[in-house]
Amino acid sequence: MNIDPAFGSLAIKPRCALALMAKVPFAGAVKTRLTPPLSPQEAATLSTCFLRDMTTNLFGMNSDGAEGVVLYTPANAEGFLHDLLPDGFKLVAQHGETLGERLINAATDLLSNGFESVCLINSDSPTLPVEVLRTATSLLAQEGDRVVLGPSEDGGYYLIGLKHQHHELFERIAWSTRTVLAHTLERATDINLPVELLPTWYDVDDAATLRLLCEELSLLTDGHNGQAKFRGGSEAPHTRKYLAGLIAKDDQRLLADPHTAKTRP
């Protein structure tokens, strides 16, 4: 077996790779659908908070038979991430032209470098419960092939877990649409691959889901705090602190209708 040096000594330990698919948080390049209500720099700082909270949770699962990895883009920006992540966190560049190519290449790389299974996870769900991740790794540890999917509120998925390379799951998918999960389930049916579904969660990628995040974190003062279906999430301390500061300065701008909000210079 050829081991990629990027994975270091972890590659010889069969376990589940918890791999965060992340864009390096440069202003103007990340969370662009959050501008407005946020400015490009605020959106980049919020994305940084997401990364810190999610990697902290992944890193805390090292003793549970899992290993955290960040698969990042652009490929030349690794140095920017070192100060953001827990010490010893593995960084591996994404490669591929389309999202589907990047996902299958990520799964192939990880499964080819000593991991028995892999969970590819979005980096836009800072309160994703750790228990959901534990469930995913437990399902993948069971006998028999399967795909584990974490449905997202927007019709996509926040997590896909695999034990083997299945290119079909990433082909003929209309990415960034409300049909991603449905099409993925169809591909699994086509190849007779059993599916395990995790609880539904949500991605924070626009003004509406930003407000939902603020509700879940009990940061609002209008009585719409902590929607029942999204209780029990991770505390996301970096995200909570940053959003609380923004709300304290200008809650109307942050939580305004996205069609009328204006960005801060």
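**Close-up views of the cores and cavities**

**View 1. Largest nonpolar core.** Val70, Leu81, Ile121, Leu159 and Leu243 touch the most other members of the largest nonpolar core, which has 53 residues. Two or more residues of this core come from each of β1 (16-23), α1, β2 (66-73), β4 (117-122), α4 (130-141), β6 (157-162), α6 (207-216) and α7 (237-254). With seven residues, α1 gives the most to this core. The model is predicted: local features need pLDDT of at least 70 and side-chain atom pairs count only at pLDDT 80 or more, whereas totals for chains, interfaces and linings use all residues. Residues are numbered from 1 along each chain as its sequence is written, and side-chain values use heavy atoms, with hydrogens and water left out. A nonpolar core is a set of buried Ala, Val, Leu, Ile, Met, Phe, Trp, Tyr and Cys residues joined through side-chain atoms within 4.5 Å; buried means under 20% relative accessible area (1.4 Å probe, protein chains only). Helices (H or I, at least four residues) and strands (E, at least two) are DSSP runs, numbered from the N terminus.

View 2. Leu81 is in contact (heavy atoms within 4.5 Å) with Val24, Pro25, Leu51, Val70, Tyr72 and Leu91, leaving aside neighbours within four places in sequence.

**View 3. Ser47 in helix α1.** Helix α1 (residues 40-59) contains Ser47. Ser47 has a relative accessible area of 8% and is therefore buried. Residues up to four places away in sequence not counted, Ser47 touches Pro25, Val30 and Lys31.

**View 4. Largest cavity.** The structure holds two cavities of 30 Å³ or more, and the largest has a volume of about 40 Å³. A cavity is a set of points, on a 1 Å grid over the protein atoms alone, where a 1.4 Å probe fits but cannot get out; lining residues have an atom within 4 Å of a point. The lining consists of Met54, Asn57, Leu58, Ser125, Leu128 and Leu133, and α1 provides its largest share, three residues.

**View 5. Second largest cavity.** The second largest cavity holds about 30 Å³ of space. Its lining is formed by Leu71, Ala93, Gln94, His95, Arg102, Asn105, Ala106 and Asp109. Helix α3 (residues 99-111) gives the most to this lining, with four residues.

Technical notes. Buried means under 20% relative accessible area, exposed over 50%, partly exposed in between (1.4 Å probe, protein chains only). On a 1 Å grid over the protein atoms alone, a cavity is a set of points where a 1.4 Å probe fits but cannot get out, and a pocket is an open set with protein on both sides within 12 Å along at least five of seven lines; lining residues have an atom within 4 Å of a point. Grid points are joined across faces, edges and corners, and a volume is the space filled by probe spheres set on the points.
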